[in-house]
Structure formats: C-alpha cells, structure tokens
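Me: I have a structure open and would like to learn how to read it. Could you take me through it step by step?

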Amino acid sequence: MNYNRPELLDRLAAEYVVGLLRYRARARFERLCDELSYALTARERWEDRLLPLSLALAPLAPGANVWPQIERAIASTSAVPQITSRPALRRWWLAAAAASLVAIALLVGKLTIWSEPAWQPVAILAPAHGAPLWRLERSADGSEINIRTLGAVTLSAAQSYELWILPSGPGNPVSLGLLPRHGKLERRLSETQRTLLLAARQVAVSIEPARGSPTGLPTGPVVIVVPIARAI
Amino acid sequence: MAREPDGDELDDLLLRCARQDAEALQSLYRRTAPRLLAILMRILGTRTAAEDALQDAFIRIWQQAGQYDRIKGRAMAWMVAIARNRAIDLQRAGRPMVLLGAAELAQAEQFRVEGPADNLEFTASHDALRRCLELLSSGQRQCLLLAYQRGLTHERIAPLIGQPLGTIKSWIRRGLQSLRACLEP
C-alpha cells in the first residue's frame, strides 16, 4: 500500500481504530504509527471522533477482586525499570561489542586508540536571529536521533515545533517528529528517515498544531532552517 | 477535539503514574474502571474475560504512562484505546464469544447519549456524533456500531445482518467517510 496517499492512510487508521483489521495488519499499522507522525495523528483523530460511542455505554462496576490483582501485578514489576529502553540496551551491546573489538585490535597491534562517540552532532537548531533551542545528534549508524533542549521553548499548548529533513535532491520534506519542550528525547528512525537524514544537507523546524502536521508536510511557518554538520 | 470530562485530573494522575505513584493508579482505576469495563464487556461478552482484560489494561496503563503525551490532553481516549486494543487482541486470539440475540441486534442500532452532562463541550461532541450517525443509512449505522462497540470483523457482521460480505465492507467504508465529512465539514 502507498502510505503517501493520505486518504488511504486515513481509511486504514479508521479501520484500525474501529477494530476491523486482522492481527497482522493491526501490528503493521501500529509499527507505521511509530514511524510516521501523520499515521499516529490520523489514528488519534479517529480515536477521538469515535470516543463518545465508547463513553455512551452504561458504566459497570468491576468485581472487588480486580483491583487487588492489579496492585499485586504492579508491585512485582516495580522492582525493574518500567520503560525498557531498547536503544539504551542496544547501545550497551554496541559498547560491549566495541570493547571486544578494541581488545582484538590491541592484540593484533593495529590500533592504539579507539574512541567511538555515542552521539554525532547533526545540527544546532536556532532561529536566524535567536538563541539555540535544540541540539540534534545522531547515532553512528544514523538509526537513532537524540534531541536536547538548550533554551526556553515557548509556544502555546495548541501548537508544537516539528522537525523536518530537507532532502538533498528533489522531494518533499520528511518529518522527524515533534521537538520536545524541555529535557531530551531519543527517537528511533525508520530506514527511509535514516537514509534521507544521512544524505540531507539541511533540517528545518516548522510550527504545527499540537499533534504535528495533519498532512505530513509542513503546514505552519518554517522558523528554522540550518545546515547539517558533515563529519570530515 | 473537545476537552474530555475530568481531562486535567486524569492527565495529572497519568503523570503521577509515570513517576511510579501507585496511589495515582488506584485513583485512576476508581474513576475510569467502570467505563472501561462496560467497553470490554461489549467486546468480550463475559464478565470473567472482560475483568481479565481490565486487569491487563491497567497494567499496560501503568507501564506505558511514561509514553502518554500530556500536551495532547486526551487521557480518556488514550486509556480507552489501550483497553479496546487489549480486548480486540484477546477476541481475535479466539476467546469464545457470546452470540447476539435479536433484541441485542436491534439495540446495536441505537446510540443513546448518557454522557457527562457537567461538561458542555464534551456533551457537544456526543451530540455531534449522534447527529452525524443519524445521517447514515440504518445499515451503515448498524454495521459501524457492531464493528466498533462489539469489536466484530466484516466476516462476523455479514451473517448477523444477512448481507453479502462485499455489501458490509462498502457500507462500513462509506459510513466512515460520511462520518468524517459530517464531523469535519
């Protein structure tokens, strides 16, 4: 299916939310939502549209034994971190693999210094006449990005900042998702996003509705366009 | 999207769950479990299956609270989606389902607003959806409600309504298109 056709994507989102997709198609659409912000937007809009149908049902009190079971279940999971961070885990493996490579390299005497930076700089996102707002970095293979907030990000709750790759050749901007208002955020890229980011020369930031661009292309004013740092 | 009833309070409770505050989860449970159980009962058919799914849903809500985006302010929609997805997965995995009687089928065509009257904006979104559902043909409306509220697939709806599969598919597709156009002219 061509996911670039918004009306098809919207139909798929509607059928997912209603519950009409089969198991595999459901899982595929869920993965798509992790990769494409406008797929997630389409899904959430359908969830919102149909929510009154769920809330119109007369409430039903659960049995007294349900809550104690939930309480026991969460008590037994609280000892381990709640959100398993796969990227962090993968980096750990990467570090372990790198460490063993260093050991091998040292043994054969071919390498004396090994330094593998965890994140490589991509761009400092700053408006033309303003202070830097975010630092954008990527993992060595480009499969993940890391965004750190540098300055005070001010915007109404109804709006958001969305990050875009401007492809080096012909083609439309491709979203890298919404930018955080504070703190930092790591995001895994799809293969398409990864390839585009590695080849691109510029990234941009636009102002969009709170849930991001509804069309998959920038719809609000573009407030930042900056070049991508090239490794020498 | 109109603001949800108790939206801010539910947002705060989810934020506290993300910080592993178990009391917040209990408050969330007290406020939302009866509504979620009603949804699960419709899809799974028996109280035992629905209560199992409710338990799973709250464990997921607890585990995924860190991923909830407070800025979007749609706590109830987020929790309902988690509960419905769990129920649909369980139902597709082959849990036995109670068959619908004729009275229940007739009931599936109705859409009553029993929403929270204290939240005018949200009642407005109930009213808008009801008005738009009324514009659909009765077949389209019945199929959509059976699919959404009962979690039935096209294949299961066709024999219940007594229409060929292709008809059911096109009714639902056109019904969804009309709903969207009506809700967002």
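Me: In what pattern do the elements of chain A follow along the sequence?

Reply: Helices (H or I, at least four residues) and strands (E, at least two) are DSSP runs, numbered from the N terminus. In this predicted model, chain A reads α-α-α-α-α-β-β-β-β-β-β-α-β-β, with six helices and eight strands. Chain B has nine helices and zero strands.

Me: What should I know about the numbering and the model?

Reply: Residues are numbered from 1 along each chain as its sequence is written, and chains are lettered from A and ligands numbered from 1 in the order in which they are written. This is a predicted model, where local features need pLDDT of at least 70 and side-chain atom pairs count only at pLDDT 80 or more, while totals for chains, interfaces and linings use all residues; side-chain values use heavy atoms, leaving out hydrogens and water.

Me: How many of the residues in each chain count as buried?

Reply: Buried means under 20% relative accessible area, exposed over 50%, and partly exposed in between (1.4 Å probe, protein chains only). For chain A, 41% of its 232 residues count as buried; for chain B, 52% of 185 do.

Me: How many residues of chain A are in contact with chain B?

Reply: Contact means heavy atoms within 4.5 Å. Here 51 residues of chain A touch 60 residues of chain B in that sense. Buried area is the accessible area (1.4 Å probe) that two parts lose on being put together, summed over both. The two chains bury about 5300 Å² between them, 63% of it on carbon and sulfur atoms. Leu53(A), Leu55(A) and Trp67(A) supply 13% of the area that chain A buries against chain B, more than any other three residues.

Me: What lines the largest cavity?

Reply: On a 1 Å grid over the protein atoms alone, a cavity is a set of points where a 1.4 Å probe fits but cannot get out, and lining residues have an atom within 4 Å of a point. Points are joined across faces, edges and corners, and a volume is the space filled by probe spheres set on them. The whole structure holds three cavities of 30 Å³ or more, and the largest has about 90 Å³ of space. Its lining draws on both chains, including Tyr16(A), Glu47(A), Arg84(B) and Tyr148(B). H4(B) gives the largest share, five residues.

Terms used:
1 Å grid on protein atoms, 1.4 Å probe; cavity = no way out; pocket = protein on both sides within 12 Å on 5 of 7 lines; lining within 4 Å.
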